[in-house]
Amino acid sequence: MAKPVVLIAEELSPATVEALGPDFDVRNVDGTDRPALLEALKTAQAVLIRSATQMDAEAIAAGSNLVVIARAGVGLDNVDIKAATQAGVMVVNAPTSNVISAAELAIGHILSLARHIPEANASMKRGEWKRSKFTGVELYEKTIGIVGLGRIGALVAERLAGFGVTLIAFDPFVPPARAQQLGVQMVDMDELMRRSDFITIHIPKTPETTGLIGAKEFALAKPELRIVNASRGGIIDEAALADALAAGTIAGAGLDVFVSEPPVGSPLLDIATLQATPHLGASTDEAQEKAGIAVAKSTRLALSGELVPDAVNVAGGVIHASVRPGLSLMEKLGQVFAGLAQHAIAAIDVEVRGEIAAHDVSVLKLAALKGVFSAISNDQVSYVNAPLLAEQRGVAVRLVTEGVSDEYRNLLTIRGTLVDGSQISVAGTLTGAKQAEKIVGINGFEVEVPMAEHFIVMIYTDRPGIVAVYGREFGAHDINIAGMQIARQRLGGEALSVLTVDSRVSDDVLDRVAAEIDATMMKAIEVVEL
């Protein structure tokens with residue numbers, strides 16, 4: 001019997017091939033040679049790639065026998081996950097392979113900023129001996145602020161504790177008990193900016209976190225502040241950072257990531273107090289080898305039909321054809337749910353009502369959790385590790401099913417309680433022959449809004465003239481409203497407006513509109529294909 005064909009499309013470590021074992025017909029192809037790749041995929045059951053090989057819809061279609069696409073690394077920008085899911089092809093990566101490397105790089109940046117190591121090294125190699133010029137500071141008894149206490153942020157906290165520092169952190173989605181275990185005091189963002197001598201960033205890039213640290217935040221900082229970003233480009237407003245460094249508002253910065261990579265022409269590169277590295281977070285021998293071995297093991301599991309812990313788009317077991325269309329919708333509802341949350345989440349109920357409840361719908365609970373935690377966690381979230389992330393954060397999760405849905409053929413709802421006792425919910429359904437995804441309920445208000453990429457959700461007291469106010473403000477800032485729906489439960493009571501817009505809305509605009517209409521909630525939510 002012929003062995004399954006495993007195609008290696010990029011250079012991987014010998015340990016990767018060794019981890020695959022002797023049970024496969026291992027073949028090599030240059031993944032950047034498009035015709036050769038498409039031809040080789042015709043007979044492959046698995047393909048192992050890094051970042052150069054594009055596994056788009058065309059490549060996935062060429063691989064009619066593909067069972068699994070394995071990315072030896074964390075990012076999946078070069079894999080069309082939606083096309084893979086539609087084709088029934090599993091996508092796996094190595095989400096934990098670089099966590100230690102990334103944490104250590106952040107600490108390396110902190111130490112280098114404290115002691116001027118790169119500048120002193122360059123000076124020495126120019127034949128200079130300028131000890132007094134490179135007088136630095138100790139970490140001992142300094143306050144270090146950690147933005148994001150996910151897996152990497154926690155590793156950084158554990159390692160920095162040995163330096164005798166005070167650790168504070170900002171992460172609205174981490175329960176206080178978890179922070180206490182790490183010896184970290186939770187604070188709000190303004191307090192973190194005011195108190196920190198060093199700041200290190202470890203959060204995902206979302207609409208809420210893009211530009212999280214800008215001119216307003218730098219104005220709060222000590223002049224001795226040194227800030228490090230080895231997470232995602234754009235979380236620090238680069239123009240505001242350049243201004244703060246040039247003016248001496250803060251003492252220094254270390255960046256491993258940029259909005260555009262490489263950052264050609266960036267004014268930051270001309271500033272002496274900026275320390276830059278070319279996105280080296282995962283660039284260690286150990287991280288690369290861990291990634292290769294991890295995906296080799298996942299490939300073995302996938303081809304033997306077993307549960308694959310690092311699968312990002314499917315779970316173990318057969319998913320009924322009636323249930324599968326709900327996966328994407330539930331993931332998106334999870335992102336909307338996370339966007340509505342104004343505090344850490346205490347409990348989540350995933351409700352499935354209607355005809356599909358007659359089948360095994362447990363995978364929809366996993367999809368909901370994946371959507372929620374993909375929006376709030378810096379970790380790579382899969383159907384397999386999402387329940388673990390909920391457990392780590394102390395989030396109670398329950399699946400509720402009911403065979404009858406009064407208004408819709410099937411209704412999917414995520415309902416949750418936040419740590420302050422407040423409750424939020426979002427409901428959706430699939431309609432028509434094309435199974436169009438719609439949001440049909442938010443926080444108890446009935447709406448019917450097509451799923452979109454950019455939403456604005458507002459709650460305010462129902463009264464005349466409100467639409468004119470926010471319509472004028474958004475128009476003045478070139479925000480085009482593509483669709484709008486308003487719901488209320490009684491005349492003169494609370495009203496909810498849901499807008500779909502064509503572009504992201506800045507926090508400044510949202511704050512201005514919220515103040516003008518006296519909104520009790522104003523949220524911009526971005527929904528992406530996971």
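Guide: Happy to, and let's begin with Ala367, which is found in helix H14, residues 362–376. Keep in mind that everything here comes from a predicted model. Is Ala367 buried or exposed? Its relative accessibility is 0%, and because buried means under 20%, Ala367 counts as buried. If you then look for Ser382, you will find that Ala367 and Ser382 are 15 residues apart in sequence, while the distance from C-alpha to C-alpha is 8.5 Å.

Helix H16 spans residues 466–476, and its buried residues include Ile466, Val469, Tyr470, Glu473 and Phe474. They lie on the same side of H16, because the arc they cover around the axis is only 120°. The general rule behind such a pattern is that an α-helix has 3.6 residues a turn, so residues three or four places apart point the same way. On the face of H16 turned away from that buried side, you can pick out Ala468 and Ala476, which are exposed.

What does E1 pair with over four bridges? The partner is strand E2, residues 25–28, and the pairing is parallel. Within that pair, Ile8 stands opposite Asn28 in E2. To get from E1 to E2, the chain passes through helix H1 (residues 14–20), making a right-handed β-α-β crossover.

E1 also pairs with strand E3 (residues 46–49), in the parallel sense and over three bridges. Here Ile8 has Leu48 of E3 as its bridge partner. The side chains of E3 can be read in the manner of a strand with two faces: Ala46 and Leu48 point one way, Val47 and Ile49 the other way, and all are buried. Ala46 in E3 is the bridge partner of Val6. Moving along, E3 pairs in the parallel sense with strand E4, residues 68–71, over four bridges. Ala46 turns up again in this pairing, with Val68 in E4 as its bridge partner.

At the E12 end, strand E11 (residues 252–255) runs parallel to E12, and three bridges join them. There, Ala253 stands opposite Leu274 in E12.

Finally, the empty spaces. Rolling a probe the size of a water molecule over the atoms shows where empty space is left. How many cavities of 30 Å³ or more does a search of the whole structure find? The search finds one, and the volume of the largest cavity is about 50 Å³. Its lining residues include Pro207, His454, Phe455, Val501, Arg504 and Glu526. Strand E19 (454–461) and strand E22 (521–526) each supply at least two residues of that lining, which by class has seven nonpolar, two polar and two charged residues.

Of its 18 lining residues, Lys82, Thr85, Gln86, Arg324 and Ser328 are the closest to the centre. Helix H4 (81–86) and helix H13 (325–340) are the elements that give two or more residues to this lining, and H13 provides the largest share, five residues. Sorted by class, the lining of this pocket has six nonpolar, five polar and seven charged residues.

Technical notes:
Residues numbered from 1 in each chain as written. Predicted model: local features only at pLDDT ≥ 70, side-chain atom pairs only at ≥ 80, totals over all residues. Heavy atoms only, no water. 1 Å grid on protein atoms, 1.4 Å probe; cavity = no way out; pocket = protein on both sides within 12 Å on 5 of 7 lines; lining within 4 Å. Points joined across faces, edges and corners; volume = space filled by probe spheres on them. Nonpolar A, V, L, I, M, F, W, Y, C, P; charged D, E, K, R; others polar. Pairing = 2+ DSSP bridges. Right-handed = clockwise from strand over helix to strand, strands pointing away. Buried < 20%, exposed > 50% of the residue type's maximum accessible area, 1.4 Å probe, protein only. Arc of directions from axis to C-beta.
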